[in-house]
Amino acid sequence: MTAPPEEQTAPPPGRSARLLDVLLRVAGGVVALSAGALVAVLELILAVAAWEQVKARPSTSGEVLVGVASGVAGLVLVVGATVALSWFAHAAVGTRWAALLPALPWFVLMAVAAVRTREGDLLLGGDNLLGLGLILAGAVTFAVMLFRQLLAPVAAVRG
């Protein structure tokens, strides 16, 4: 019987390779932060527009169907975008806590949208059920994604 060949370990990466890795991780974090803010703005626009359509007291069943479809599409968009952003942040940054990067600007923008301005404007009021549903769906999805990343085995996280 012959012995299997010994595995040779690769030499440690050079200084330039480590610097490039850090720069790419930082760039990935910046993209995750920016994408979290962008998705929050798009979701707020959708929530306000769809709620105005629902609130307009639709007179035909087609108008009701369009309002309900907008709400369902908004919830699917929130959950899908949140999962994609969390996955991207983890893959780009490579840490377990990376799912917080897109969540932070998302939560800040949702909180700002729920506060009345000095002029009396309010983007997301308590009567906007679609907006409240979008906030709930996004918050729960971010929490689940972060929970999954924190509890993932170390080997799965590195892979």
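I started with helix H1, whose buried residues are Gly 28, Gly 29, Ala 32, Gly 36, Val 39, Ala 40, Glu 43, Leu 44, Ala 47, Ala 50 and Trp 51. Buried means under 20% relative accessible area, exposed over 50%, and partly exposed in between, with a 1.4 Å probe and protein chains only. Helices here are DSSP runs of H or I with at least four residues, strands are runs of E with at least two, and both are numbered from the N terminus.

The model is predicted: local features need pLDDT of at least 70, side-chain atom pairs count only at pLDDT 80 or more, and totals for chains, interfaces and linings use all residues. Residues are numbered from 1 along each chain as its sequence is written, and side-chain values use heavy atoms, with hydrogens and water left out.

I checked confidence next. pLDDT is the predictor's confidence in each residue, from 0 to 100. The chain averages 83, and 90% of the residues score at least 70. Helix H3 (residues 100-113) has the highest mean, 92. Helix H5 (residues 154-158) has the lowest, 54.

I then looked at the overall layout. Of its 159 residues, 29% are buried. I took contact as heavy atoms within 4.5 Å. Among contacts with a separation of 6 or more, 77% join residues 24 or more positions apart.

Back to H1 (residues 15-55). H1 has 41 residues and reaches 60 Å from its first C-alpha to its last, close to the 60 Å expected at 1.5 Å a residue. The expected span is 1.5 Å times one less than the number of residues. The buried residues of H1 pack against helix H2 (61-93), H3 and helix H4 (129-151).

Which residues make up the largest nonpolar core? I listed eight: Ala 40, Leu 44, Ala 103, Trp 106, Met 110, Ala 113, Leu 124 and Phe 142. H3 gives the most to this core, with four residues. A nonpolar core is a set of buried Ala, Val, Leu, Ile, Met, Phe, Trp, Tyr and Cys residues joined through side-chain atoms within 4.5 Å.

I followed Trp 106. Leaving aside neighbours within four places in sequence, Trp 106 is in contact with Gly 36, Ala 40, Glu 43, Leu 134, Ile 135, Gly 138, Ala 139 and Phe 142. A second, separate core has seven residues, including Ala 50, Leu 130, Leu 134 and Ala 137.

Last, I looked up Thr 82 in helix H2. Thr 82 counts as buried because its relative accessibility is 1%. Not counting residues up to four places away in sequence, Thr 82 touches Gly 138, Thr 141 and Phe 142.
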